[in-house]
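Welcome! Take a moment to look over the sequence and the fold, and then let us walk through them together.

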Amino acid sequence: MKGAPALTDTGGPLARLQPATLPDVDAIMALERAAYPLPWTSGNFRDILLDGTGRYRMLLLHLQQADGSWTLAGYFVALLGVEEAHLLNVAVHPDHQGQGWARLLLEQLRLWAMAQGAEQIWLEVRLSNPHARQVYERFGFVSMGVRKNYYPAVGGGREHAEVMCLRLKDDRP
């Protein structure tokens, strides 16, 4: 955790943000399994971390515990495209959901995407996940349509995804 700046204490736990590295994969997988019934694989995360193109951003959110130790509470994974970023995965541990950490991660994503010259951020979200859809809507994402049979479904089959977009630059007069 050395070198990662701590966010200002606002009465809650101190938080630190830092890019993910290969030694973080086990902790990321533990959070991923806690957050999702159909988690990504460790290979997915390793492949992204080993990709040398600089197109990916994987940012970790650590929270300081009462004993002074730090625990992984959330992360996001994004891919930079041509004038856009794509949010591939975001998770907040169930013990820390509903406390504004997803919004903090989305704000970090927005700042990174803008610094890379992106004009919009795209994502897909399961239609069966109204809580996540509401978080994205509150942040400013708008629905652009539905991808049919996009996600694998629990118990087999496929599930539709809502495609959402956040405009970062407004070219209108």
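The score called pLDDT is the predictor's confidence in each residue, from 0 to 100. What you see is a predicted model, and across the protein the mean pLDDT is 92, with 91% of the residues reaching 70 or more. Residues 1–6 are a stretch to read with care: the pLDDT there is below 50, although the stretch has twelve contacts in the model beyond near neighbours in sequence.

**Around strand 3**

Strand 3 pairs with strand 2 and with strand 4, as the table shows.

| Strand pair | Sense | Bridges | Residues between the strands | Turn residue with positive phi |
|---|---|---|---|---|
| Strand 2 (residues 56–64) and strand 3 | antiparallel | nine bridges | five residues | Gly68, about 95 degrees |
| Strand 3 and strand 4 (residues 84–92) | antiparallel | seven bridges | three residues | Glu83, about 55 degrees |

Each of these pairs forms a hairpin. To find the pairings by eye, look for Gln64 opposite Trp70 of strand 3, and for Ala78 with its bridge partner Leu87 in strand 4.

**The nonpolar cores**

Which residues have the most contacts inside the largest nonpolar core? They are Leu61, Phe76, Leu87, Leu109, Ile121, Tyr136 and Phe141, in a core of 31 residues. At least two core residues come from each of strand 1 (15–19), strand 2, strand 3, strand 4, helix 3 (101–115), strand 5 (120–126), helix 4 (130–139) and strand 7 (158–167). Helix 3 gives the largest share, with seven residues. Another core, of 13 residues, lies apart from this one, and Val25, Ile28, Leu31 and Leu72 are among its members.

Leaving aside neighbours within four places in sequence, Phe76 is in contact with Arg57, Met58, Leu59, Leu87, Asn89, Val90, Leu105, Gln108 and Leu109.

**Glu159 in strand 7**

Now turn to strand 7, where Glu159 has its place. Is Glu159 buried or exposed? Its relative accessible area is 15%, and buried means under 20%, so Glu159 counts as buried. The side chain of Glu159 makes a polar contact with the side chain of Arg126, at 2.8 Å. Not counting residues up to four places away in sequence, Glu159 touches Arg126, Leu127, Ser128, Asn149, Tyr150, Tyr151 and Ala153.

Note on methods:
Residues numbered from 1 in each chain as written. Predicted model: local features only at pLDDT ≥ 70, side-chain atom pairs only at ≥ 80, totals over all residues. Heavy atoms only, no water. Contact = heavy atoms within 4.5 Å. Pairing = 2+ DSSP bridges. Helix = DSSP H or I, 4+ residues; strand = E, 2+ residues; numbered from the N terminus. Core = buried A, V, L, I, M, F, W, Y, C linked by side-chain atoms within 4.5 Å. Buried < 20%, exposed > 50% of the residue type's maximum accessible area, 1.4 Å probe, protein only. Polar contact = N/O pair within 3.5 Å; in protein donor to acceptor, adjacent residues only side chain to side chain.
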